[in-house]
There are 2 protein chains.
Amino acid sequence: MEKYMMLSKDELRELESSLTEEYAKAQQMGLKLDMSRGKPSPAQLDIAMGILDAVNSSSDIKSEDGVDCRNYGGLDGIPEARHLMADVMDVSYENVIVYGNSSLNIMYDTISRLMLEGTGGNTPWCKLDKVKFLCPVPGYDRHFAITQHFGIDMITVPMNEDGPDMDTVERLVSSDDSIKGIWCVPKFSNPGGCVYSDEVVRRMAALRPAAKDFRIMWDNAYALHYLYEDNQPQILDIISECEKAGNPDMVYEFASTSKISFAGAGIAALAASKANIAEVKKALTIQTIGYDKLNQLRHVRYYKNKDGIMKHMMKQAEVLRPKFEAVEEVLDRELSGLGIGTWTKPLGGYFISFNAMPGCAKAIVAKCKEAGMVLTGAGATYPYGQDPSDSNIRIAPSFPTVSDMRKAAELFALCVKLVSVEKLLSE
Amino acid sequence: MEKYMMLSKDELRELESSLTEEYAKAQQMGLKLDMSRGKPSPAQLDIAMGILDAVNSSSDIKSEDGVDCRNYGGLDGIPEARHLMADVMDVSYENVIVYGNSSLNIMYDTISRLMLEGTGGNTPWCKLDKVKFLCPVPGYDRHFAITQHFGIDMITVPMNEDGPDMDTVERLVSSDDSIKGIWCVPKFSNPGGCVYSDEVVRRMAALRPAAKDFRIMWDNAYALHYLYEDNQPQILDIISECEKAGNPDMVYEFASTSKISFAGAGIAALAASKANIAEVKKALTIQTIGYDKLNQLRHVRYYKNKDGIMKHMMKQAEVLRPKFEAVEEVLDRELSGLGIGTWTKPLGGYFISFNAMPGCAKAIVAKCKEAGMVLTGAGATYPYGQDPSDSNIRIAPSFPTVSDMRKAAELFALCVKLVSVEKLLSE
């Protein structure tokens, strides 16, 4: 098949009629598919069931420093959990605090604290007329939801293949002291799957922001979430890069085992400079008496160390990989060479990012929905839910089964074709 | 022995010398006792060990509404956990959200949200010149720490035997619209052990505050924490009392299983009006994808229902009661009739509240410390750590063993006597 845009109106009309027929059949299949969220499948969660036995009624419930994990206390997390999460993030032990079950919650609390109390003696953000954040796009809707919730203006920055466009980032942060931060998913970015190059990480760490309290929100959510055993890209440790660049306090790094053990019952961690950790702990001492140390213990007893987690992640990859490959295979077969879409082939993470012809994303998502398939809302990967070219669609292959995923990808490709033809006919 | 204040200077001097000798001996014993925090003892925690087997690798991990507790989602908590916590608080199911492991964290988040976002369309508190809170005293130091942390002025209100002095509370809240809230521990108050009478609860619910966004922080931390099987005082349900009084949104109620199951790994809950719950959930949706549902499931599977918790609490009472009784027995024996102190004999909760002669509390705590016994800092039960009459001392009998508790009480009584004599001699 040649590129759609090379087709005559007559050819397009003919194509539209056969695609419409095909779509009507698909609608009659009564599909019920959900590719909307980056949610582990039951099969992935099953792999971690042993964790539920790792601490039981006959277990020694003391941490390695002798603390009774059942009782109050231990604001930093138990030492062995701090070591484990430090290894997951590839940072030093003393830079890490282990929290409860949600790194999103740590991010929210971080922004909330910066709003109310500020950092490093600077004015709390809620006292300023204007606070802005840079948002590389496409990006993670829940990040954008946090900044929007706190009334922080969002400025989009384009993503390149190796991370955010650093020329743009440097220009913006150095010239505007109301720009207070940037959201980053440095490894297997959500949704693009891109991995920040060493150059991008170094330039990020070496930023010279006009705002003294500029902060990088480094969401290392997919640190060990590889799809392939033999192709595992690495990123530089932002904490030590910031330190080397003379910006030790400029970054907060977040990670969790939500997509390692259990999405709802994992452990989450923050990594930051000693000064930042000290500042965080001043508030944390007021906020709680300590997070769930038994769940931290459960994780350490079960995984032992980073190697244990890596082995676990390779089992997960075996579950996830066929789903990604099913989507890629269908899209390659159905859409290659048509000039109506491009898509990513990530080496890890939870998403495939699809770019339709401008002005088609919303219509594609709506068409899919009418045939029984829920996708993440078009625009969700942009601040305020507004994709200016109405082009990006996030595909989350993790939750459905492989066979559902194949059906879903086929329906998706059909909807892309149909909407693209309609678009071309309307021009 | 007659009242110390009836003794002549000579008699006091003689007494001082014998007490000093006794204290020197106590110092030589090299005691190491900690009565500083309301922390469960290992023996109490042991009672709950079965909870660690309640969900294991062969368990059905679905909640009663079919949700996979391992996965994301379920912002309200699983239905069966909401029912359980509703029964613990004696409120309706639909008024309850179940969170993670810390009710203190919910309180902190609540104040933080009111600061940044306000409630019911009123101005966020951080935008106001002045925000004040009423603090019944003596009270809980961690409550005061939260209000102080957010720069909220604290106004003390005296506690009567049946709760805060409501004449004072009514007068203050009706006349000053910068007074935005009050901290309450309505049952077995910390540290006084008092139980709010029905009249106090009804007057609290019927307040007509000048501030439309006045909020009662109802920390029902000791809802089922009785020391005796046959004397279990009850309090009215503040949620429905506020509703009846036309103030449905005026209260947030907090509870947890921290002192039921595990202090560090329990489940916590918020109860509030439907409008409040809706408002809370608007922020919660941004803050997290959901709390640890597996730990909620663990609690429900283990306790089954409120009856199950009550049976458990009676086992805990058997561990706790002898410690309280040891303190009471020693204080009765050593201090009765001397006119140098009064103390509470609570029916539940975690504390005994001791009132020394004015100006003696700090000196007593210091004397105890020099002989190897850590008490909660004198003044801790007052905002800013300042007890204007330097009189109140909080005794936390839960953590030490009964025999340590007896030794501790004896040392404490000795220090009270010695400091009181020194005080009387200095006057």
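Trainee: How many residues of chain B are in contact with chain A?
Mentor: 44 residues of chain B are in contact with 43 residues of chain A. Keep in mind that this is a predicted model.

Trainee: Which elements of chain B give two or more residues to that side?
Mentor: Five helices are listed for chain B: α2 (42-47), α4 (103-117), α5 (141-149), α9 (274-287) and α10 (293-303).

Trainee: Where does the largest share come from?
Mentor: From α4(B), with six residues.

Trainee: And what is the makeup by class?
Mentor: The side of chain B that touches chain A has 22 nonpolar, 16 polar and six charged residues.

Trainee: Staying with chain B, what is the strand order in the open sheet of eight strands?
Mentor: The order is β2-β9-β8-β7-β6-β3-β4-β5, and the pairing is mixed.

Trainee: Why is one side of β2 and of β5 left without a neighbour in the sheet?
Mentor: β2 (96-98) and β5 (163-164) of chain B are at the edges, and each has a single partner strand, so one side of each lacks a neighbour.

Trainee: In what sense do β2(B) and β9 pair, parallel or antiparallel?
Mentor: Antiparallel, over three bridges, with β9 of chain B spanning residues 268-271.

Trainee: Which strands does helix α6 of chain B lie across?
Mentor: Helix α6 (residues 166-175) lies across β3 (132-137), β4 (153-160), β5 and β6 (179-184) of chain B. Relative to β4(B), the helix runs at about 150°.

Trainee: Switching to chain A. How is chain A divided?
Mentor: Into domain 1 (4-44 + 310-426) and domain 2 (61-304). Their centres, taken over C-alpha atoms, are 31 Å apart.

Trainee: How many residues of domain 1 are in contact with domain 2 of chain A?
Mentor: 25 residues of domain 1 are in contact with 27 residues of domain 2. On the domain 1 side, α11 (306-335) and β13 (392-395) of chain A each supply at least two residues. The largest share, eight residues, is from α11(A). By class, that side has 15 nonpolar, seven polar and three charged residues.

Trainee: At what angle do α1 and α13 of chain A pack?
Mentor: Helix α1 (residues 9-28) and helix α13 (residues 402-426) of chain A pack at about 145°, with axes 9 Å apart. The crossing of α1(A) and α13(A) is left-handed.

Trainee: Which residues make the contact?
Mentor: On α1(A), they include A:L12, A:L15, A:L19 and A:Y23. On α13(A), A:L411, A:L414, A:L418 and A:V421 are among them. By class, the contact has 11 nonpolar, one polar and six charged residues.

Note on methods: Residues are numbered from 1 along each chain as its sequence is written. Chains are lettered from A and ligands numbered from 1 in the order in which they are written. This is a predicted model: local features need pLDDT of at least 70, side-chain atom pairs count only at pLDDT 80 or more; totals for chains, interfaces and linings use all residues. Two residues are in contact if their C-beta atoms, placed from the backbone, lie within 7 Å. Helices (H or I, at least four residues) and strands (E, at least two) are DSSP runs, numbered from the N terminus. Ala, Val, Leu, Ile, Met, Phe, Trp, Tyr, Cys and Pro count as nonpolar, Asp, Glu, Lys and Arg as charged, and the others, Gly among them, as polar. Axes are lines fitted to C-alpha atoms, for helices over the stretch in contact, and angles run from 0 to 180 degrees between N-to-C directions. A crossing is left-handed if the near helix is turned anticlockwise from the far one by less than a right angle, and right-handed if clockwise. Two strands pair if DSSP finds at least two bridges between them. Domain bounds come from an automatic or database domain assignment.
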